[in-house]
2 protein chains.
Amino acid sequence: MSSVDVKARKNAMRVLKERFKTIIEQIQRGEKPTLIMPKRVLSNTIYDEKSKMLLLGPDVLKRSFIDVNEARKFMQTLLMASIIYEALVNNEYPTIRDLFYRGKHSISYRDVDGKLIHENTWDEQKESDSVIRDLEVFMNVLREEMLILSKEKGKVVGNLVIKSGDDVIDLSKMGHGAYSIEPTPDLLEFRDVDAEYVLVVEKDAVFQQLHRYGFWRKYKAILVTSAGQPDRATRRFVRRLNEELKLPVYVLTDSDPYGFYIYSVFKIGSITLSYESERLATPNARFIGVSMTDVFGDGVFQKILNNVRELGGFTKSALGRLKKKKPYLSESERKNYVIKAKQRDIERAVELVGYDVAEKCIESSEVRSKLKKKEGLTGYPWFRTPEWIRELCIFFNTLNKLEIEAMASKGLKFLADTYIPEKIEGNDWID
Amino acid sequence: MSSVDVKARKNAMRVLKERFKTIIEQIQRGEKPTLIMPKRVLSNTIYDEKSKMLLLGPDVLKRSFIDVNEARKFMQTLLMASIIYEALVNNEYPTIRDLFYRGKHSISYRDVDGKLIHENTWDEQKESDSVIRDLEVFMNVLREEMLILSKEKGKVVGNLVIKSGDDVIDLSKMGHGAYSIEPTPDLLEFRDVDAEYVLVVEKDAVFQQLHRYGFWRKYKAILVTSAGQPDRATRRFVRRLNEELKLPVYVLTDSDPYGFYIYSVFKIGSITLSYESERLATPNARFIGVSMTDVFGDGVFQKILNNVRELGGFTKSALGRLKKKKPYLSESERKNYVIKAKQRDIERAVELVGYDVAEKCIESSEVRSKLKKKEGLTGYPWFRTPEWIRELCIFFNTLNKLEIEAMASKGLKFLADTYIPEKIEGNDWID
């Protein structure tokens, strides 16, 4: 075991002990054992405009042992805490999956009528995962800091030397392969860096292409891929590159609502796990593309603008002041490269920007009639900006999307030496 | 670009030129341009008992330009070859996805009646992928050797020094992270090794646990994960470890028909891509578990044996001679850890071992009635051995499965220091 892990283990044990001491003290004082922790619910999730992060609000919940409605959850919380503590003591590295197994068993007791009752501690991993999240907010510690591991997809190459475990690793010497980020990125140290920015690529295959082309060497970039939806470790790693090494972070995804959402997860965090955002999100991450305006220019949007007075709280003139944009693709390239959007792309787009914007900016009454009006489709505040409204309006009216690979098929040179550098140098990204 | 890539590029260009020269020669001789290549169809896929590999049989197909039925395919093949050649000349690293985009366009021509016809070179990636496969068998070259890249999930750590590109990389110095295998593993060199075997773990999270525990250091293992279904690069990498470094390969998967199938892909290859097996499969890979007998022992199987005279061509006495097996799990552990099999698990199991074996070994008439009899469910020859028949009979009669994580939750020590070493040292694996 690395000396880094030994230290992390001791620290996690100390925090666990300290936080649960209150239960013992309550019992000794003859009080009802009760846990008080922040409420992890949507209504207590707040988008903080200033820090540009999703944060937990002030609401707390009480979980008491002497309450029929709460006893089960109380028991689960203590059971999980004790399993994690035991794993720490025994030099284990559990995963959330095996924590589920470790705690899963049947408890037998007699009810008031003397009838024998069997009850499972938990039946599905959903339940035990939720308890782990409760512990994270209760102790203000990420599960990774308790040496709970998970599968990890993120990779990195670039002029960066790190210390991980007891090894010093030069990430510019990975050959044609790459360095697979550790599942506990808070435990690694940045030793030396010679880079100007971080480029995060959604797709592993495009990462492979840019890596092999020598992109990161030529442009002094740290090249990262999340290989799809980013996991926690990749997000934390990117955040640390930004925060500690002061490197700007640019995110490159497919041009579709899913790509936009991946950018949003890096930047803001995911709604369901807002409590992690404070540590995992990179609020000043920038979206360099592929944007809808890169594909179509802004002509489609100008047409809509003539029909609407305002969109998402912005007046027509405010939206009209957006910088003009020319497409990177010719008419015939567009014809060969774009893909028709699916119903779930449309739904995801409505989720991002809000039903009201979608409804107003869609020209075709046929498409508009297909929108599903649901409660709460108010859009995410960080997507209700002029730039993003333009992007999504173009999407709604073309119902097309484009993969990064299509840009690469204009020539890897085009992607690496024209598209990406031009976008970055020209400040042609969306915040 | 690494010197390794420069060399690979030249070689691929040479082979492409040579193979397609015949077309020019045919035209010069006034013959019909025709491509002759091995048939990539199931009926021409042969399981070679001696080499234990799926190989293409002797059937060939002719693809002629002057034939209405073949002209389209002929055109596609030449189009793809020319795009790949161009990418090689231009120092590109295409992916199969962007090769699809590069070739996708509309061809316009007038038919015999003078009517203008528009026809797409291809509409879906399925089509262009199939053409790439044709080129692989036509030229007897893997696409990776033509510097066609892809996403890559495989990871490795251990006492192994490799040269990849122009870098020498010590895979025992990866800290808590890992080395992400390159998508072109034929281009890497093994420089130095100090290991006794290769352990391939299906699940990335379990790989992380064993890595962190120091398993590979303690047991002198090269630790690899395929992170689910293995991709081509991981399979080729494992094969090279086995073939060139003479290291035995052990595969550790979940105890379910999907896990068994993952082992089979490493060992034999996938049915649809049999032509790659010669290069990608590791015919002497061994399945160390988790086996059904590790979970349940062989009691369930003994019970069935009393009712059947033979299964899959083996007599009762031949099957009865299998070594007795005790389970690694107690009754109560089993109760907490096993998961109910789903309908698709059952279907996959029938696919592996054949309908006849499934029907005969299932005791419950209710379960038997749920089996879907389909044409061609004759099972894979390499699963119709006494050991595998026992495994699958236990599955069919318990309809339970078990994840590796359940073994880890008995303690990572148990998995790392008892289960795996015992299975390997006791030769308790299935061939």
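Because the model is predicted, local features are reported at pLDDT of at least 70 and side-chain atom pairs at pLDDT 80 or more, while totals for chains, interfaces and linings use all residues. Residues are numbered from 1 along each chain as its sequence is written, and chains are lettered from A and ligands numbered from 1 in the order in which they are written.

The pairing of the chains comes next. With contact taken as C-beta atoms, placed from the backbone, within 7 Å, 51 residues of chain B touch 50 residues of chain A. Several elements of chain B each supply at least two residues to this side, including helix 3 (96–103), strand 9 (167–170) and helix 13 (331–337); here helices (H or I, at least four residues) and strands (E, at least two) are DSSP runs numbered from the N terminus. Helix 5 of chain B gives the most, with six residues. By class, the side of chain B that touches chain A holds 19 nonpolar, 17 polar and 15 charged residues, where Ala, Val, Leu, Ile, Met, Phe, Trp, Tyr, Cys and Pro count as nonpolar, Asp, Glu, Lys and Arg as charged, and the others, Gly among them, as polar.

Helix packing can be followed within each chain. In chain A, helix 1 (residues 3–28) and helix 2 (residues 71–89) pack at about 150°, with axes 10 Å apart; axes are lines fitted to C-alpha atoms, for helices over the stretch in contact, and angles run from 0 to 180 degrees between N-to-C directions. That makes helix 1 of chain A roughly antiparallel to helix 2 of chain A, given that angles under 35 degrees count as roughly parallel, over 145 as roughly antiparallel, 65 to 115 as roughly perpendicular and the rest as oblique. Among the residues that meet are Met13(A), Leu16(A) and Phe20(A) from helix 1 of chain A, and Ile84(A), Tyr85(A) and Leu88(A) from helix 2 of chain A. This contact comprises nine nonpolar residues, no polar and one charged.

Also in chain A, the axes of helix 3 (residues 96–103) and helix 4 (residues 125–139) come within 9 Å and cross at roughly 105°, which makes the two helices roughly perpendicular. Their contact includes Phe100(A) of helix 3 and Ile132(A) of helix 4, and is made up of four nonpolar, three polar and two charged residues.

Finally, the backbone has some details worth a look. A cis peptide bond joins Gly289(A) and Val290(A), with omega about 5°, and Val290(A) lies in the loop between strand 15 (286–289) and helix 10 (292–296) of chain A. In chain B, the peptide bond from Gly289(B) to Val290(B) is cis, with omega near 0°. Leu147(A), a residue other than glycine, has a positive phi near 60°.

Technical notes
Contact = placed C-beta atoms within 7 Å.
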